[in-house]
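Let's take a walk through this model together. Have the viewer open and follow along.

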Amino acid sequence: MTDAVLHIARVVVETATPLSISTGNPDGNFDTRLVTDANDLPAIPGSSLAGVMRHLYAGLDAVDEQRLNDVFGFQDRNLGQASSLAVSWGVMLDSQGRAVEGLLSPDSERLSDPLIAEARRLTREAPAFRHRVAINDKGAAADTGKFDRAVLPTGYRFALELRFREDKDSGIWQDLLGLLHHPGFRLGGGTRAGLGKLRVCSVHARSFTLRESARALQQLPAGLHETDGLEDITGACQGYRPNDQGWQDGRLILKPRGAWRIGAGHHSVAELLGQDGPEAANTMLPVTEGWVRWEKGKAQIVRHKGKRLLVPGSSLKGALRHRFIYYANCLAGRWAEDGQGKGIPEEVKPLFGELKGDGSGQAGRLYLDDSYLSLDKVKSCILPHNSIDRFTGGVRDRVLFAEEVISGAALQMPIRVNVRPIESLEDTGLRQRIIQALKLTLDDLCEGRLAFGARTTSGNGFFEGELSGSLRDWLDKQAGPAADSEKAQPQSMEESA
């Protein structure tokens, strides 16, 4: 008879893209606010982490419903079973790499830590947030579609603990640790539009038999960041990554053809670089974001000249979705002149997801990461504008404004697609239209026929480049020659809905 085994792992993760785990309630000023602990510091709820791990584990090839219930538990009316996996909350690390646990008194010296002070400022006084707007079928802003989302910038680190108990060492523990490196491991909201990606910084673990666990657990240090008595398996943990053949990765490398600008920022790029900048009051500015940089286990908040130019994944995803709908209608032969093509076509849901009020919605399978550019790699210039009177054709009085546009460096945006649900569609025609429409859409983007960002109707936001990686190979193989058929090449875009 073998002893039961208790596995323990202490993990440190870092926000690779901004994190947005919200409370679900507005705070009076913004539509969402971040989940915080008793110290008003951002935190990762254990339920959020456990829910994502359960979802990813259920998608593994070797996992059936019985095994899923044995690991994560279940509740079915009066039947149920507790989860064998225990997940702690993720607590923030301070600038010295120590977990902030327990309630800090108002006069605590730790509150003066620069990273703690900045995090409390973000959750209490001046939250970082993203302006978002829903896009309708015409590519314009939908009515009442404006909203915002609070985010925690990149570079913040959290410590958490996983505990798993089983009757014998069966390899399930390695599968669970491998989920931390799964391509779909993202937390919070907006995960398909650039947010919620985490990078595993360290994993320290150890397995105990229950005969030795009591004494060994007493010897383990209490802090989630403390790893005495545990083995560093950070490198080995990457080898536990599950088979992800159902995922195809790619990277969009886009070089601007001219000027571009995304979003509405508050600081001029020229000003941040110490040059003469425009007056922010009457100038539309690109968005820049601060971040946290770690060196030798110490954190530094990067502001001012160290800020980076933000290219949110949501800005590109909206443009891709709109052009995808266009090609889906073309390939299916749905033309506006025939009274067809109204509403959202069936090809959209398997790839981009669908939101329905009756609970029948579905999350998308296409993921885009936020991208950043260093300010010293781009060039900015000011374009003056004035508003034209629609009746006289002359300049309107006192309506002179300007925008700061960007040129220069190429963008690199990771893109990832979970293709297994698409490949498993029983309707082969639907499956082919989805693949072909996606290929044509990305071709348009890379060949300068699809713009994104601000003022695209005035010539901004056109890029050219390439898609690399396994996603490119998969599209070339699966799309076939039908992607170049006459159905996909109408005489004008007005012919399709």
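Predicted model: local features only at pLDDT ≥ 70, side-chain atom pairs only at ≥ 80, totals over all residues.

Residues are numbered from 1 along each chain as its sequence is written, and side-chain values use heavy atoms, with hydrogens and water left out.

Start with the second largest pocket, at about 630 Å³. A pocket here is an open set of points on a 1 Å grid over the protein atoms alone, where a 1.4 Å probe fits, with protein on both sides within 12 Å along at least five of seven lines; lining residues have an atom within 4 Å of a point. The volume is the space filled by probe spheres set on the points, which are joined across faces, edges and corners. Its lining has 31 residues, with H55, L56, G59, H182 and W247 nearest the centre. Helix α1 (46-58) and α10 (420-423) are the elements giving two or more residues; helices are DSSP runs of H or I with at least four residues, strands runs of E with at least two, numbered from the N terminus.

Now hop to R433, in helix α11 (residues 428-446). R433 counts as buried because its relative accessibility is 17%, the cut-off being under 20% relative accessible area (1.4 Å probe, protein chains only). Its neighbours, by contact (heavy atoms within 4.5 Å), include L331 and A332.

Last, β12, β20 and β19 line up in the order β12-β20-β19 as an open sheet with mixed pairing, where pairing takes at least two DSSP bridges between two strands. β12 (283-284) and β19 (378-388) are at the edges, each with a single partner strand, so one side of each lacks a neighbour in the sheet. β19 runs antiparallel to β20 (residues 395-408) over 10 bridges, and C381 sits opposite V405 in β20.

Definitions and conventions:
Buried < 20%, exposed > 50% of the residue type's maximum accessible area, 1.4 Å probe, protein only. Lists of a residue's contacts leave out its neighbours within four places in sequence.
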